[in-house]
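Q: I am new to this structure and would be grateful for a close look at a single part of it. Please set that part in its wider context as well.

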Amino acid sequence: MTYDLNSIDGGFLREEGGLLSLRSDIIRDMGRASDRELLSILLPGARSCDIESVVSDMYKPGFDIDFCDIPDEMRKMLDASIEIGRRLGRRKSRILLDTEDIYREVRHFASDEKETCIVVALSGGGEMLKTYVVSVGLLNKAVIHPREVFSDAIRLRAAVIVIAHNHPSGSIEPSQDDKDITARLVKVGQLLGIKLLDHLIFTDERYYSFREHGLI
């Protein structure tokens, strides 16, 4: 038997003049909503024919939102929603394997006007346990203390950490202070049994990896 998932526990939508909108009822359990209803939440006020176009295509082999017969703005919204869902799904047991993964994790801090130091704590298998801010400093300097860097990592029983901080100036070259604190954190990590895998200095467009440059 093939179940029609769009008919199970539905009834959250109303249709007016070819447009779909949510009823005034609050959907308390999104797991009960049909595909059609979930798409209508993502695309408020969409035409029923557009929603049906996506629903009819989304379970076909090789489904690609780019080829759906829907307006460009709807396609962009769905693309963004799918990407967010993909990232949240990975986060539940997210494996960060390379520098690019770490950079994507912290890049949104690049717009901060002050230097912000972030720690990404990882398990021995590279699973991301937590990303946390340890200090926010001045325009060109953040005070990074080993106590704050390793406190959550110890509590989470992390095996590895990566530290990263933005450079509001736009330069990604490490200062002597950056090099000194990195060397200090490597030594503290060795004592604690938590390896400092890398230190990234980053802007919105690029990053500098201590590990890639042989400094760790």
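Which residues does T116 touch, not counting residues up to four places away in sequence?

A: The model discussed here is a predicted one. In it, T116 touches F109, V133, S135, V136, A164, H165 and N166, when residues up to four places away in sequence are not counted. T116 itself is found in strand β3, which covers residues 116-122. Its relative accessible area is 2%, and because buried means under 20%, T116 counts as buried. The side chain of T116 also makes a polar contact, at 2.9 Å, with the side chain of D112.

The sheet that holds β3 gives these contacts their setting. Five strands form this open sheet in the order β4-β3-β5-β6-β7, with mixed pairing. The strands β4 (128-136) and β7 (207-209) stand at the edges; each has a single partner strand, so one side of each is left without a neighbour in the sheet. On average, and with direction ignored, neighbouring strands are turned by 20° against each other.

Strands β3 and β4 are antiparallel and pair over seven bridges; one example is A121, whose bridge partner in β4 is K130. Strands β5 and β6, by contrast, run parallel and are joined by seven bridges. A164, one of the residues that T116 touches, has L200 as its bridge partner in β6. Of the eight residues of β6, six are buried, so this strand is largely enclosed by the rest of the structure.

Helix α5 touches β3, β4 and β5 (160-166), and its direction makes about 155° with that of β4. Helix α6 touches β5 and β6 (195-202), and its direction makes about 160° with that of β6.

These two helices also meet each other. The axes of α5 (residues 146-155) and α6 (residues 176-192) come within 11 Å and cross at roughly 35°, and the crossing is right-handed. On the α5 side the contact is made by P146, V149, F150 and I154, and on the α6 side by R184, L185, V188, G189 and L192.

In general, most residues other than glycine have a negative phi. R157 is not a glycine, yet it has a positive phi of about 60°.

Finally, the whole protein may be considered. Its secondary structure comes to six helices and seven strands, and from the N terminus on the elements run β-β-α-α-α-α-β-β-α-β-α-β-β. Among contacts between residues at least 6 apart in sequence, 58% join residues at least 24 apart.

Conventions: Residues numbered from 1 in each chain as written. Predicted model: local features only at pLDDT ≥ 70, side-chain atom pairs only at ≥ 80, totals over all residues. Heavy atoms only, no water. Axes fitted to C-alpha atoms, helices over the stretch in contact; angles between N-to-C directions. Helix = DSSP H or I, 4+ residues; strand = E, 2+ residues; numbered from the N terminus. Left-handed = near helix turned anticlockwise from the far one by under 90°. Contact = heavy atoms within 4.5 Å. Buried < 20%, exposed > 50% of the residue type's maximum accessible area, 1.4 Å probe, protein only. Polar contact = N/O pair within 3.5 Å; in protein donor to acceptor, adjacent residues only side chain to side chain. Pairing = 2+ DSSP bridges.
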